[in-house]
Amino acid sequence: MVRLPRPPPPGRGGYGALMAAFGLGALPGAVLAAGGGDPTGRQVRKLALATALLALLPAAGPNPPVAFAAVAAAGFAGIRFVTAANTLVQLRSTDAVRGRVMAAWSMALPGTLPVTGLLVSAAVQLGGPRAGLLLAAAALATTTLLGRRALRDGA
């Protein structure tokens, strides 16, 4: 007897489609970031806050088309933000310490995932995917506002 595979649980295909929408938005964001000039602290702040705001939209989105458009826009802003922040860190570091700064930067980004992953996972389990998006967006906005001094221009 031949067994047919079970259909995927509801939501699996939707998640994959949302990730594809994020990638579709991120691609032009990456191309634009590659062609841009040197980022400023103000630009990094604006991109971080735009990413946080755009992450709120799928959490509040009333239907899938709104969520897909919001996730694509978040992908665009998010990749621009990460690229600009990475570039700014390198440009503001002196030659003597740039390697060490980038090593710390490279460790800090994935190094926070065990903690943030647990927090967002708990929020999703308790309140659903929208709660996870809300928490992630709030954390990014809060961190950006608290770190605004570090992103001053002309410092």
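Tutor: Two packed helices are described by the angle between their axes and by the distance between those axes. In this predicted model, helix 2 (residues 41-60) and helix 6 (residues 129-146) pack at an angle of about 165°, and their axes are 8 Å apart.

Student: Which relative direction do helix 2 and helix 6 have, roughly parallel or roughly antiparallel?

Tutor: Angles over 145 degrees count as roughly antiparallel, and helix 2 and helix 6 are therefore roughly antiparallel to each other. The crossing in which helix 2 passes helix 6 is left-handed.

Student: Which residues of helix 2 and helix 6 meet?

Tutor: From helix 2 the residues include Arg45, Ala48, Leu49, Ala52 and Ala55, and among those they meet in helix 6 are Arg130, Leu133, Leu134, Ala137 and Leu140. Sorted by class, this contact of helix 2 with helix 6 has 14 nonpolar, two polar and two charged residues.

Student: Which residues form the largest nonpolar core?

Tutor: That core has eight residues, namely Val44, Leu47, Ala48, Phe81, Ala84, Ala85, Leu88 and Leu151. Helix 2 and helix 3 (64-92) are the elements that give two or more residues to this core, and the largest share, four residues, comes from helix 3.

Student: What is Leu151 in contact with, leaving aside its neighbours within four places in sequence?

Tutor: With those neighbours left aside, Leu151 is in contact with Gly41, Arg42, Val44, Arg45, Leu88 and Arg92.

Student: How many helices and strands does the chain have?

Tutor: The chain has six helices and zero strands, and buried residues make up 25% of its 155 residues.

Technical notes: Residues are numbered from 1 along each chain as its sequence is written. This is a predicted model: local features need pLDDT of at least 70, side-chain atom pairs count only at pLDDT 80 or more; totals for chains, interfaces and linings use all residues. Side-chain values use heavy atoms; hydrogens and water are left out. Axes are lines fitted to C-alpha atoms, for helices over the stretch in contact, and angles run from 0 to 180 degrees between N-to-C directions. Angles under 35 degrees count as roughly parallel, over 145 as roughly antiparallel, 65 to 115 as roughly perpendicular and the rest as oblique. A crossing is left-handed if the near helix is turned anticlockwise from the far one by less than a right angle, and right-handed if clockwise. Contact means heavy atoms within 4.5 Å. Ala, Val, Leu, Ile, Met, Phe, Trp, Tyr, Cys and Pro count as nonpolar, Asp, Glu, Lys and Arg as charged, and the others, Gly among them, as polar. A nonpolar core is a set of buried Ala, Val, Leu, Ile, Met, Phe, Trp, Tyr and Cys residues joined through side-chain atoms within 4.5 Å. Buried means under 20% relative accessible area, exposed over 50%, partly exposed in between (1.4 Å probe, protein chains only).
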